[in-house]
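Okay, thanks for having me. I'll walk you through one model today, starting with where the chains meet.

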Amino acid sequence: MAQYIADRRDVDFVLHEQLRTADLAQSERFADFNRKTIDLVVAEVRNLAVKEILPTQKDGDRIGARFDAGRVTVPESFHKAWRALREGGWIAMTEDPEWGGQGMPHALAMAATDYLNGANFAFMMYAGLTHGAGKLIERFGTPEQKRMFLKNMFTGRWTGTMLLTEPEAGSDVGALTTSAVRRPDGTYRLTGNKIFISSGEHDLAENIIHPVLARIEGAPAGTAGISLFLVPKIWVNPDGSLGEPNDIVCTGIEEKMGIHGNATCAMALGSRGACRGLLLGEENKGMRTMFLMMNEARLLVGSQGLACASTAYLYAVNYARERIQGRHLLKAQDKAAPSVPIIQHPDVRRMLITMKAYVEGMRSLLYYVGRLEDLKTLTPDEERRKAYQGMIDFLIPIAKAYVTERACEVCNLGIQVYGGYGYIREYPMEQLLRDCRITPIYEGTNGIQAMDLLGRKLGLNGGKPMMDLLSEIQRTLALARRQPRTAPLAAPLEQALGKLGEVAMHLGAAALSEKVLVAFAYAHPFLTVCGDVLLAWMLLWRAALAAEKLAAGARDKEALFYEGQIQSARWFLANELPVSLGRMQAILAADPAAVEAAEESFGGR
Amino acid sequence: MNILVCVKRVPDTAENEIEVRPDGTDIRREDLVYSVNEWDNYAVEEAIQIAERTGGTVTVATVGDADAEEVVRREMAMGAQQGLMLTDPAFEGSDGRGIAEILKAAVQRGRYDLVLCGAQADDGAGQVGGMLAALLDWPYASLVNRIEVLEGQRLRIGREIEGGNQEMSEIELPCVLSIQTGINEPRYVGIRGIRKVASVEIPALGASELGLDPSRVGRAACRVRKLDYFVPPAGAGAEILQGSPEEIAARLVDLLKAKGGLK
C-alpha cells in the first residue's frame with residue numbers, strides 16, 4: 001500500500017534499530033516514552049499529518065495567505081488543522097510539561113516533525129516559530145514573563161515569530177536600525193521596520209508575540225549593541241489578560257516562489273509612536289540570546305528539507321510503479337511486448353535509488369542530532385555533556401545546509417521521474433521543489449552555514465567535536481566489518497574518512513593564514529564533503545544493522561526492507577563517494593580563480 | 001452514564017494489500033499493519049461525547065491476545081477512562097456467538113448503562129452486537145448514526161435506512177447499539193493523551209475471572225466454521241480496459257456507441 005510523507009518502516013528502523021530511542025525510557029525524565037508509547041506517537045502523528053494536514057497543502061499553495069488592509073488571513077482549512085495540532089499538544093513536543101510542553105525525547109520529536117512538515121511545512125511554520133519564540137522566553141524570560149506568555153504559546157493559543165531582518169540588515173544582522181527607548185515604566189518604545197517576517201500576521205490565533213531585535217538608544221554599533229524585546233500584537237497585562245492593540249502592523253506580504261501558505265510579512269513598529277515592548281534577557285545581549293536558539297531553528301529547516309525530499313521520493317516511487325510507458329529494455333525490439341511500469345527502466349531506477357539513499361541518510365543524520373540532544377540532556381557528566389554539545393554544534397550547519405541542498409536535488413529528481421507531469425501543477429511535484437527552495441536560503445543561507453562550519457565549528461575546542469564524530473564513525477566501520485555482506489563497504493568509507501581528515505587540517509590551517517579568502521571560497525565544498533561522508537556513515541551503519549538482521553533470518557517483507565538498506569549503502573559508496581573524493585582533491589588543490597578574478601572579469605557590465 | 005465500547009484490532013485496509021492464503025484458510029497475516037476497527041473508533045468517539053455531556057465513564061474492552069492491548073491503549077489515549085483486556089487461550093478461534101458470550105460476561109461484571117459496538121469489523125459479519133444484546137436480553141438497534149440522551153433512562157436514536165432515509169426511534173436503557181461510521185468525527189489522538197496512558201496497567205481478564213465455562217467459547221464451541229476463502233474467478237462478458245486514460249476513454253466511448261448506450 002502506498003506510503004505518504006515518510007515511510008513508516010524506515011522511520012521505525014531509525015528510531016528503534018539504529019538509535020534505540022526506547023532505551024531513553026530507562027531514565028526518569030523520559031520514563032513515559034517506552035517502545036509502545038513511541039510507536040503510538042508515530043502512528044498518531046502520521047494519522048494527523050496524512051488525514052488532516054496533508055489535505056491543506058494544496059490550499060496553502062493555491063489560496064495562500066492573503067493580505068488586506070493590515071490583516072492577513074490563511075486558507076480556511078488551516079484553522080481546523082491548527083485546532084487539531086493544538087489539541088494534540090504537537091506544538092511544544094520536547095518542552096517542559098510545566099509550561100504546556102510534552103517532555104518528549106528530541107529523536108522522537110524529529111520523527112513527528114518529519115510527518116508534520118512533510119504534510120505542509122508552510123503551515124507548520126506557524127507552529128515552529130511559536131515554539132522557537134517560546135523557547136526564548138523559557139530560557140531568558142523573567143518568571144513574570146514566563147507566566148504571562150509561555151503556556152499560551154506552547155499550547156498554540158497565541159503564536160510567535162522572530163523579527164530580525166530589515167531592508168538593509170539581512171545576513172548582516174548587526175546593521176539593523178530598529179531603535180528602542182526606555183520608558184519610565186520600564187517598558188521600551190520601539191521604532192523601525194522589519195521585513196521577511198514569517199508568520200508575522202495571520203488569523204489563526206488571538207495574539208502574536210514578536211521577539212524583536214533592536215538597538216537601545218546610545219548602545220554600541222554592530223552586534224554588540226543589539227537587545228531583544230518582546231512585542232505583543234495585543235498588549236498583555238501582567239495578570240495575563242489582553243490589553244489594547246499594540247502599535248505593530250503588517251504593511252504587506254511577499255509574493256514568493258513557494259510556501260504561499262505562510263505569510264511573509266513586512267512589519268512597521270511604532271508608526272504612531274506607540275509600539276511597546278518588554279526587554280527579554282539583558283541589554284545588548286540580544287545577539288547572544290538569539291544564537292543560543294539558532295541550533296534548533298537550523299535543525300528545523302533541515303527537517304523541512306528532509307520532509308520535502310521524503311515526500312517527493314514516495315510520490316515518485318509510487319508513480320514509477322503505476323506509470324506504464326515503454327517496453328522493457330530487454331524486449332525493446334519485440335513489437336508485441338507489453339509496456340511496463342517505468343520502475344523497470346534502468347535510468348528511472350538510477351533516479352529512485354539516488355533519492356532513496358539521500359532520504360534515508362538524511363533522516364538518520366537529523367534524528368541522530370536529536371539523539372545527541374537527548375544524550376546531552378541525560379548525562380550527569382559535564383565532560384560528556386560538553387562533548388555532545390560539541391558534536392551537535394559541528395553537525396548543525398551540515399544538517400541545515402547539506403540536507404536542504406540535497407533535498408532540493410531530490411525534489412528535482414522527483415519531477416524528472418514524473419516527466420512532463422512533474423512540471424505541471426495538477427501533480428504534487430513542482431510545489432515540493434518550489435517550497436523546498438527556500439530552505440537553503442533562510443535561517444542563515446547555506447553560504448553562511450559553510451562559513452560557520454569552517455570558521456567556528458571546525459576549530460571548536462581544539463577540533464574535538466570532529467574528532468569525536470570520527471571515532472563514532474570508527475565504531476560503525478567495526479560493526480560493518482563483522483558482517484560479510486557489509487565488510488567490503490567499510491574500506492571506501494575509511495578511505496574517504498582519512499582524506500576528509502587531511503582536507504580539514506589543510507583547509508583549517510589555510511583559513512588562519514594569508515590564504516583565508518581562498519579557504520573560504522572552499523568553505524561550501526568543504527561542508528559538502530563533510531555531508532557526503534556523514535551520509536555514507538549513516539548508510540553504512542544502517543546496512544550493517546540490516547546485514548545482522550538478514551543473517552539472523554529476517555524473511556519476506558522484512559528481508560526486502562533490509563536488502564534495500566544494503567543496496568542504498570552500496571549505491572552511495574560506489575557512486576557518490578568517488579565524486580566526493582574528487583571534490584576533496586579540489587579543496588586540497590585550492591585553485592584561487594574564484595577570489596583572484598577581478599570584479600570586471602565576471603563580465604555582465 | 002457508564003458506557004462500555006467493544007473494540008477489535010483489525011488489519012488496516014488503508015495500509016495493507018489483503019491477500020488470501022493459498023490454502024484458503026485465512027488471509028495472509030505476515031507483515032500486516034493492524035489498527036483499531038474503524039467503526040469501533042466512531043463508537044468510542046460517540047461514547048466520549050456522551051460522557052462529556054452527561055457525565056459518567058467510558059470503558060473500552062477487547063477480546064484478543066496481548067497484541068490487541070495497543071488498540072485499547074490507543075482508544076484510552078483518545079479519551080476513554082478505562083480499558084479491559086479479555087484474553088485467554090481458551091477464547092481463541094471463537095465464532096461470533098463465542099465473542100458475544102465473552103463480552104456478555106464482561107458487561108455483567110460491570111455496571112453499564114449502554115454498550116456500543118461498531119456496526120461491523122474486518123470479517124464483515126456484523127453479528128456480535130446483536131448477539132450480545134440477545135444474550136443479555138437487552139434492547140438492540142443496529143447501524144445507529146445519531147444518539148440523543150433523553151430523560152428517564154431512554155435514548156432517541158437515528159438509523160440510516162434504505163435510500164438515505166432516516167428512521168428515528170426511542171430505546172430503553174440499558175441497551176446495545178451498533179454504530180455506523182459518519183455518526184461523528186473521531187478526534188485525533190495527541191501526545192497529551194498518549195502520555196496520560198503511557199504507564200497505565202490495563203486489567204486482563206480470562207475465562208475464570210469472567211466466570212465463563214470454557215466449553216461455551218473458543219474453537220471447539222464454534223457452531224459456524226469457515227470452510228474456504230477465495231477470489232472469485234473473472235466472469236464471462238467482463239472486459240478490463242487497459243491503456244492510458246485517453247485510450248481507455250476513447251475505447252469506452254466506442255463500446256458505448258457499439259452497444260447502443262450512446263447515440
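**Where the chains meet**

So, 19 residues of chain B are in contact with 22 residues of chain A, where contact means C-beta atoms, placed from the backbone, within 7 Å. This is a predicted model, where local features need pLDDT of at least 70, side-chain atom pairs count only at pLDDT 80 or more, and totals for chains, interfaces and linings use all residues. Residues are numbered from 1 along each chain as its sequence is written, with chains lettered from A and ligands numbered from 1 in the order in which they are written.

On chain B, the elements giving two or more residues to the side that touches chain A are helix 2 (69-78) and helix 5 (191-197); helices here are DSSP runs of H or I, at least four residues, numbered from the N terminus. That side has seven nonpolar, three polar and nine charged residues. Nonpolar is Ala, Val, Leu, Ile, Met, Phe, Trp, Tyr, Cys and Pro, charged is Asp, Glu, Lys and Arg, and the others, Gly among them, are polar.

Over in chain A, helix 5 (residues 106-140) and helix 8 (residues 346-378) pack at about 150 degrees, axes 7 Å apart. Axes are lines fitted to C-alpha atoms over the stretch in contact, with angles from 0 to 180 degrees between N-to-C directions. That makes helix 5 of chain A roughly antiparallel to helix 8 of chain A, the word for angles over 145. Residues meeting there include A:H106 and A:M110 from helix 5, and A:L366 and A:R371 from helix 8.

Key:
Angles under 35 degrees count as roughly parallel, over 145 as roughly antiparallel, 65 to 115 as roughly perpendicular and the rest as oblique. Two residues are in contact if their C-beta atoms, placed from the backbone, lie within 7 Å.
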